[in-house]
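Dear colleague,

Please find below the structure that I am handing over to you, together with its sequence. My findings follow directly after it.

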Amino acid sequence: MAGKNQNLSAFASETPNGKDYTIAIVVAEWNDKITFALRDSTIDTLKKAGVLQQNIHVYQVPGSYELPYGAFTILQNFSLDAVICLGCVIQGETPHFDYICQAVSKGCMDVQLQLKCPVIFGVLTTLTMEQAEARAGGKYGNKGAEAAHSALKMIQLTHYCQEKGDRDPLLDTINGPLGSLLLQSAMVNDDEGDFDFDIDDADDESYFGKGKKVELNPKKKKKK
Ligand code: DLZ
């Protein structure tokens, strides 16, 4: 991957094949001369890596500030392998440069960790328009190409871990916050207004431990 002032379109490793992947691109319309150049390079790189045209979905949002919400909403409604966020924030033109940059980078990070899907930060944050142009197809390559490569690398990592990992995601879910919710739904409210668990002393093994089976949809306890 390119470092400072290196070519953003030159990668340290091979770009993974993307023929089975579905990817969304969210593009900010602010500084569209730059962001549309990033978009075109992203699409070009994805296609060269084998991603099918019909599996590349492009959405536009007004500015970079809207990128995290765009990614979040798209991920909540469509099955995707990754979302690539593209934007350009130029310090000279943006009095609240730091706020926007921080909000967008933190926002993209939050979305990917919360929704467990790679969200790529393809946002140029530069001092001048010239610096942006140099990274949107100019002498330092194109940040869009880098974003596409990053997306495919992260999808590859995700699939590798899902296939080879030895942890059961269902078990983790049940033992995590969902487990508490399920336990709450297993509680029954007796006629005195107290909550009680409906635990069967059955022998079978459940996610709640051997020998204790929790009825997840218990009938209300009858008063004796
Ligand atoms: C308002 C604003 C400014 C001043 N500068 C930029 C910029 O350089 N790059 C960019 O992507 N967006 C900019 N915006 C727009 C904000 O991202 C956002 O769209 C508006 O504040 C509306 O929420």
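**Arg39 and its surroundings**

Leaving out residues up to four places away in sequence, Arg39 touches Val27, Val58, Gln60 and Leu86, where contact means heavy atoms within 4.5 Å. Please note that this is a predicted model, in which local features need pLDDT of at least 70 and side-chain atom pairs count only at pLDDT 80 or more, whereas totals for chains, interfaces and linings use all residues. Residues are numbered from 1 along each chain as its sequence is written, and side-chain values use heavy atoms, with hydrogens and water left out.

Arg39 belongs to helix α1; helices (H or I, at least four residues) and strands (E, at least two) are DSSP runs, numbered from the N terminus. With a relative accessible area of 18%, Arg39 is buried, a term that means under 20% relative accessible area, with exposed over 50% and partly exposed in between (1.4 Å probe, protein chains only). Arg39 also lies over the face of Phe36, at 4.4 Å from the ring centre. The criterion is that NZ of Lys or CZ of Arg is within 6 Å of the ring centre and within 35 degrees of the ring normal.

**The sheet**

The protein has 7 helices and 12 strands. Four strands form an open sheet in the order β2-β1-β3-β4, with parallel pairing; two strands pair if DSSP finds at least two bridges between them. Its edge strands, each pairing on one side only, are β2 (56-61) and β4 (119-126). On average, neighbouring strands of this sheet are turned by 15 degrees against each other, direction ignored. Axes here are lines fitted to C-alpha atoms, for helices over the stretch in contact, and angles run from 0 to 180 degrees between N-to-C directions.

Strand β3 (residues 82-90) pairs with β4 in the parallel sense over 8 bridges. Helix α3 (residues 97-115) packs on the sheet, where it touches β3 and β4, and its direction makes about 170 degrees with that of β4. Within the pairing, Leu86 stands opposite Gly122 in β4, and Gly87 stands opposite Val123. Strand β4 is largely enclosed by the rest of the structure, because 6 of its 8 residues are buried.

**The nonpolar cores**

A nonpolar core is a set of buried Ala, Val, Leu, Ile, Met, Phe, Trp, Tyr and Cys residues joined through side-chain atoms within 4.5 Å. The largest has 25 residues, of which Ile25, Leu46, Ile84 and Leu152 touch the most other members. Two or more residues come from each of β1 (23-28), α1 (32-48), β3, β4 and α5 (143-164). Beyond its neighbours within four places in sequence, Ile84 has contacts that include Ile25, Leu46, Ile120 and Ala151. A second, separate core of 21 residues includes Val26, Leu67, Leu75 and Val119.

**The aromatic pair**

Rings of Phe, Tyr and Trp (its six-membered ring) pair if their centres lie within 6.5 Å; planes under 30 degrees apart count as stacked, over 60 as edge-to-face and the rest as tilted. By this rule there is 1 aromatic pair. The ring centres of Tyr59 and Phe78 are 6.4 Å apart and their planes stand at 40 degrees, so the pair is tilted. Tyr59 lies in strand β2 and Phe78 in the loop between α2 (67-77) and β3, 19 residues apart. Tyr59 is partly exposed at 26% relative accessibility, and Phe78 is partly exposed at 47%.

Yours sincerely
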